[in-house]
Amino acid sequence: MKFFKHIPKVRYEGKESDNPLAFRFYNARQKVGRKTMGEHLRFAIAYWHTFGGTGADPFGAPTKHFPWLQSTDPLTRGQHKMDAAFEFMEKIGAGFYCFHDYDLVEEAATLKESERRLRAMVEYARQKQADTGIKLLWGTANLFSHPRYMNGAATNPDFQVVAIAGAQVKNALDATIALGGAGYTFWGGREGYLSLLNTNMKREQEHLARFLHMARDYGRKRGFKGTFYIEPKPMEPSKHQYDFDAATCLSFLRQFDLLDDFKLNIEVNHATLAHHTFQHELQVAADAGVLGSIDANRGDYQNGWDTDQFPNNVYELTEAMLVILSAGGFKTGGINFDAKTRRNSTDLEDIFYAHIGGMDAFARALLAAHAILESGEYKQLLQQRYASFNTGKGKQFEQGKLRLEDLRTWALGRGEPALASGRQEFIENLIARFV
Ligand code: XUL
Ligand code: CO
């Protein structure tokens, strides 16, 4: 079925265009350095928000009555939803999508029936992918919505729940592999606690590690060559989540020997919930060689929760793209719009406007960050700041050739250093010159 007949394919029309259904900056085929914009940005559409987000919130009923969600038969509904998804992705020109198992089709009353439904949807998706060339960026399992997961999934104190979560991950991995997914994500919204008083944190984290090892082993055994991602988030829906932020996840992956297979999927609004900037989280991941993929969105400067709005701040995105480009860009990962239109954005056009805005903002940021790195001025400023470690005693310090008492001896002969400006405003202006 077709759902967006009244909306034309979105094309690049250039900066001067005032067509709200055109790109002004995102031009998939335009070269930026050695890659095209499309290859750099690898845009993905999040199935759950864009085709399943009905606008319901804790205070109110759905506001969006998507025509693809009207059938009473779950499989037919799943197929209509997928028709809408692929029609939308073709029109917006996104090369990738991401899903949870039960975004594809509603979970059934029994595991067996859920598996049957899922297999049918995977077949349907395989055909759609072949027809359109659209690919799966990553799959995942929804281990947080069902009431059984109220005390956690892999970290649930009841082994029976852990086993059901395992079955779900096996099936979601099978689906991801069958669809040639480039990645598989774990986001642990319920892997944490509501109260420490009833929680054995050490045991739960060991269970999580055991679970991830099993998933990794199964995936690799079945020929999955893609990347496993952990998506950090500090809280919401749990009071405290184990995958708090990039640094916490890294320490977990190191402790439990998972670094060979896992990278991080960094989400903007999760970073800000952890009182970090997105750029900070990207840099932590990049420095450890685990910058895998990103979930793009933005939070709200006044509200403290996960508002998942579409990104629109080109200056901040430029800073983020500086980190991503300096780390070598995306390999298996990409930019997944884990973002939703507002509850009162109820027209079908609204999901187009939202993605067009996000894609254009990233395109501008890519162009700016690329130009900044090409000009060399910014990189040089950063290098100069550490120049005292390039020669002499500074160099020996970095090489581990000095002892603490050597620092004293050297410092004694020197006196006070001249104050060196950090030149923050100068650098901010330099970045702004390119934005
Ligand atoms: C929730 C969130 C999830 C993950 C996938 O905050 O970001 O949608 O991206 O489970
Ligand atoms: Co996310």
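The radius of gyration is taken here over C-alpha atoms, and the rule for a globule is 2.2 Å times the number of residues to the power 0.38. The model is predicted. For the 435 residues of the chain, that rule puts a compact globule near 22 Å; the chain has a radius of gyration of 24 Å, which agrees. The C-alpha trace spans about 80 × 60 × 45 Å along its principal axes.

The secondary structure of the chain consists of 16 helices and 14 strands. Among contacts with a separation of 6 or more, 75% join residues 24 or more positions apart. Buried residues make up 49% of the 435 residues.

How is the chain divided into domains? The domain assignment gives two entries, domain 1 (28-375) and domain 2 (379-434). Their contact takes eight residues from domain 1 and six residues from domain 2. The C-alpha centres of domain 1 and domain 2 lie 40 Å apart.

The surface and the charges complete the description. The accessible surface of the chain comes to about 21800 Å², and carbon and sulfur atoms hold 52% of that area. The chain carries 53 positive and 52 negative side chains. The centres of these two sets lie 5 Å apart.

Notes: Residues are numbered from 1 along each chain as its sequence is written. Chains are lettered from A and ligands numbered from 1 in the order in which they are written. This is a predicted model: local features need pLDDT of at least 70, side-chain atom pairs count only at pLDDT 80 or more; totals for chains, interfaces and linings use all residues. Side-chain values use heavy atoms; hydrogens and water are left out. Helices (H or I, at least four residues) and strands (E, at least two) are DSSP runs, numbered from the N terminus. Buried means under 20% relative accessible area, exposed over 50%, partly exposed in between (1.4 Å probe, protein chains only). Contact means heavy atoms within 4.5 Å. Accessible areas come from the Shrake-Rupley method with a 1.4 Å probe; for residues, only the protein chains shown count as cover. Lys and Arg count as positive and Asp and Glu as negative; His and the chain ends are not counted. The place of a charge is taken as NZ of Lys, CZ of Arg, CG of Asp or CD of Glu. Domain bounds come from an automatic or database domain assignment.
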